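Subject: Structure handover

Hello,

Here is the structure you are taking over, followed by notes on what was found in it. Please keep it open while you read.

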Amino acid sequence: ETIYPHDVAIVSAEPWVAGDRSAQSRIFIKNGTIVNDDQSFHADIYIEDGIIKQVGTNLVIPGGARTIDARGKFVMPGGIDTHTHFQMPFMGTVSADDFYSGTKAALAGGTTMIIDFVIPQKGESLLDAYEKWRGWADAKVCCDYGLHVAVTWWNDQVSKEMDVLCSEKGVNSYKVFMAYKDVFMLDDDEIYHCFKRCKELKALPMVHAENGHLIAIKSRELLQQGVSGPEGHLQSRPEEVEEEATTRAITIADQAGAPLYVVHVMSKSSANVISKARREGKIVFGEPIAAGLGTDGTHHYNKCWRHAAGHVMGPPLRADPTTPGYLMDLLANNDLQLTGTDNCTFNADQKAIGKDNFTRIPNGVNGVEDRMSIIWEKGVYSGKMDPCRFVAVTSATAAKVFNIYPKKGRIAVGSDADIVIWNGEATRTISAKTHHQAVDFNIFEGMTVHGVPEYVITGGSIVMDEGQLKVTQGLGRFVPTPVNSQTVFGRVGNREKSRQPQIVEREPYTGPVVEIKEED
Ligand SMILES: C[C@@H](CNC(N)=O)C(=O)O
Ligand SMILES: [Zn+2]
Ligand SMILES: [Zn+2]
Ligand SMILES: [Zn+2]
């Protein structure tokens, strides 16, 4: 793996060094503009052992502190990426960014926590899969991380294991797939049972909303009609295939009395469905991702196969070029709430598994390194949202939804010192030639964006110092996400009361009843 000259990967020999979080580091950040989701203000910050100890002016701080002058810069909570798939076994291969390169790239872009997905195969114990993912991640992460668990099959064992994952393993969110037929997909009744179980456990149901039956049929038809290139991927799952499943998932969740988190909202129509449901009082959260906010699906028609295949993910990037701006408008307006990346990267030779058949192109694109800059460029620099809203959609709301606020997602005394010092005016040009991700392609290639991290602090260390990356493999910690987030469940109880089944007391019917004929 190429080590770029400007980043020094300190891979410590003694694990205790990497794991030693009581870093004696004392850091004093002065003259910055602190931005939380609810307010921005001028103040200084004193950090010790990875915790924010003081926020204010004229601070009295102990000697030996490293001082950072943040004049003219924003001092914000580090980003929380709600949706990554590092080293994910998928479609016959494994995603190219692992928990080391993925979290290093996250830090390079100003993200200080990621939440990845445990994805059991059908029939595999969720607990076994969870332990497997923990084994992969704990040894490699450079920043803190959490885990969602996918429910790819359903029976009483799955229901029981969800309880253990919630009560003992720090999991509070479960993703079901309505796509990937025969691989991850559940049918509507199984989805209902899973959502109902989530509500009982006060865990958050999440959904990949695409109609997997239609995708399978349309894909076969397109291949028979001679469409084998990446353009077939887009044509096999048009917007309405996402919109229909989004509507159905919201209905199933509402009937189960459960909240719902729709991951990777990729289209205008599905975003509108979510916005309408929220206006109707349903408890729905919509997660657009960096890819859908920063680029579009016209690339499926690029003459270069690698370029087109490099944009293949599910649900697809939409060919309507007004989609990114539309999704950003809804995100700015809180019709959509928070962002992840769905970072699931594959090199050219991996995408080429599908060189003759688009249904075999591993689905997934990059985003983890560029999410913060893309949203700053398209959201803040464009005037669609202010810095406070930027903090909400990149960090604070995620911390609230996944119930780790204000430990994460806020600049406050007692919060983790996960901090990015952000230059809102500087620009950088995104390229696979210079990014820290392991993958050989970047869907934002050549894009010049405003918004650059100058310092990133996490785990008590300055992991980016004046633009120089100094990560430590294994420094990151698993962050348990407790059940019963009030942002998610605060009103479920009272709503339940108003939706009790109705029983009518009435005199019994005593009139004639027709004889039913046994079917021959
Ligand atoms: C399999 C995983 C990543 N791939 C993708 N979205 O295309 C997902 O569906 O979220
Ligand atoms: Zn998905
Ligand atoms: Zn090319
Ligand atoms: Zn995903």
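The zinc ion (ligand 4) is held by H83 (NE2), H85 (NE2) and D342 (OD), at 1.9 to 2.3 Å. Donors here are N, O and S atoms within 2.8 Å of the metal (3.2 Å for Na, K and Ca), and since water is not among the atoms, sites may look incomplete.

Two notes on the basis of these values. This is a predicted model, where local features need pLDDT of at least 70 and side-chain atom pairs count only at pLDDT 80 or more, while totals for chains, interfaces and linings use all residues. Residues are numbered from 1 along each chain as its sequence is written, chains are lettered from A and ligands numbered from 1 in the order in which they are written, and side-chain values use heavy atoms, with hydrogens and water left out.

The zinc sites

The arrangement around the zinc ion (ligand 4) is irregular because its four donor atoms subtend angles of 86 to 139°. For comparison, four donors count as tetrahedral if all angles lie between 85 and 135 degrees; four count as square planar and six as octahedral if opposite donors are over 155 degrees apart and all others between 65 and 115; anything else is irregular. The donor residues of this ion follow the spacing H-x1-H-x256-D in sequence. H85 is in the loop between strand 6 (79–84) and strand 7 (89–90), and D342 is in the loop between helix 12 (323–332) and helix 13 (348–351), so the pair links distant parts of the chain, 257 residues apart. Helices (H or I, at least four residues) and strands (E, at least two) are DSSP runs, numbered from the N terminus. H85 counts as buried at 5% relative accessibility, and D342 does at 7%. Buried means under 20% relative accessible area, exposed over 50%, and partly exposed in between (1.4 Å probe, protein chains only).

The zinc ion (ligand 2) is coordinated by K175 (NZ), H208 (ND1) and H264 (NE2), at 2.1 to 2.5 Å. It lies 3.6 Å from the zinc ion (ligand 4). K175 belongs to strand 11 (residues 173–177) and H208 to strand 12 (residues 204–208), so this pair ties together parts that are 33 residues apart in sequence. K175 is buried, with a relative accessible area of 1%, and H208 is buried, with a relative accessible area of 1%.

A residue beside H83

E287 sits in the loop between strand 14 (284–286) and helix 10 (290–294). Its side chain makes a polar contact of 3.0 Å with that of H83. A polar contact is a pair of N or O atoms within 3.5 Å; within protein, one must be able to donate a hydrogen and the other to accept it, and residues adjacent in sequence count only if both atoms are side-chain atoms.

The strands

Strand 1 (residues 26–35) and strand 2 (residues 40–48) pair in the antiparallel sense over eight bridges; two strands pair if DSSP finds at least two bridges between them. They form a hairpin with four residues between the strands, and I27 stands opposite I47. Strand 2 also pairs with strand 3 (residues 51–56), antiparallel over five bridges, with I45 opposite V55.

Strand 10 (residues 144–150) is largely enclosed by the rest of the structure, because seven of its seven residues are buried. Strand 9 (residues 111–118) runs parallel to strand 10, joined by six bridges.

Regards
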